[in-house]
Amino acid sequence: MTTLLVLCNCPDEEVANRIALAVLESGLAVCVNILPRVQSLYRWQGKIESATEIPLFIKSTAANYPALEAAIQKLHPYDIPEIIALPVERGLPAYLNWVAAETVQQP
């Protein structure tokens with residue numbers, strides 16, 4: 001089973017906590033790191049924008065990604081939230097086995 005690290009930036013701590021708890025309670029993820037605020041600079045609708053955001057590092061599986069993406073989109077206030085999934089190519093086998101064992105496999 002492929003482990004994923006899913007990255008998502010949130011506008012504030014309230015949204016970050018709401019998303020983290022929802023994906024953990026539903027079994028779509030096994031661990032979510034809520035990082036300190038970061039400054040994001042990005043292009044949006046032809047202009048350079050700046051915002052402070054709260055990054056999430058979400059650990060899940062490729063099998064759960066479609067449902068995880070849908071859950072984040074539903075709870076996220078941005079029109080187009082950043083949701084990026086990176087495959088974990090290597091890691092401590094016991095940790096990767098834990099991720100696979102603790103995620104609820106979605107149909």
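The model is predicted: local features need pLDDT of at least 70, side-chain atom pairs count only at pLDDT 80 or more, and totals for chains, interfaces and linings use all residues. Residues are numbered from 1 along each chain as its sequence is written, and side-chain values use heavy atoms, with hydrogens and water left out. Helices (H or I, at least four residues) and strands (E, at least two) are DSSP runs, numbered from the N terminus. Buried means under 20% relative accessible area, exposed means over 50%, and partly exposed lies in between (1.4 Å probe, protein chains only).

**Salt bridges**

- The structure has 2 salt bridges, each defined as a side-chain nitrogen of Lys or Arg within 4 Å of a carboxyl oxygen of Asp or Glu.
- Side chains of opposite charge can pair when their charged atoms come close.
- Arg37 sits in the loop between strand 2 (31-34) and strand 3 (38-44), and Glu13 sits in helix 1 (residues 13-25), so the pair ties together parts that are 24 residues apart in sequence.
- Arg37 is partly exposed, at 40% relative accessibility, and Glu13 is partly exposed at 39%.
- Another salt bridge links Arg18 and Glu14, at 3.6 Å from N to O.
- Both Arg18 and Glu14 belong to helix 1, 4 residues apart, or about one turn of the helix.
- Arg18 is partly exposed, with 34% relative accessible area, whereas Glu14 is exposed, with 58%.

**Cysteines**

- There are 0 disulfides, a disulfide being a pair of cysteine sulfur atoms within 2.5 Å.
- For Cys10, the closest cysteine sulfur is in Cys8, 4.3 Å away, which is too far for a bond.
- Cys10 is buried, at 0% relative accessibility.
- For Cys31, the closest cysteine sulfur is in Cys10, at 15 Å, again too far for a bond.
- Cys31 is partly exposed, with a relative accessible area of 21%.

**Nonpolar core**

- A nonpolar core is a set of buried Ala, Val, Leu, Ile, Met, Phe, Trp, Tyr and Cys residues joined through side-chain atoms within 4.5 Å.
- The largest such core has 20 residues, and Val6, Cys10, Val23, Leu56, Ile58 and Ile72 touch the most other members.
- Strand 1 (3-10), helix 1, strand 4 (47-61) and helix 2 (65-75) each supply at least two residues of this core.
- Helix 1 contributes the most, with 5 residues.
- Beyond its neighbours within four places in sequence, Val23 is in contact (heavy atoms within 4.5 Å) with Leu28, Ala29, Val32, Ile58, Leu68, Ala71 and Ile72.

**A loop glycine**

- Gly46 lies in the loop between strand 3 and strand 4.
- Gly46 is exposed, with 58% relative accessible area.
- From Gly46 to Pro11 the separation is 35 residues in sequence and 20 Å in space, C-alpha to C-alpha.

**Largest pocket**

- On a 1 Å grid over the protein atoms alone, a pocket is an open set of points where a 1.4 Å probe fits, with protein on both sides within 12 Å along at least five of seven lines.
- Lining residues have an atom within 4 Å of a point.
- The largest pocket holds about 260 Å³; grid points are joined across faces, edges and corners, and a volume is the space filled by probe spheres set on the points.
- Its lining includes Tyr42, Trp44, Glu49 and Tyr78.
- Strand 3 and strand 4 are the elements that give two or more residues to this lining.
- Strand 3 gives the most, with 4 residues.
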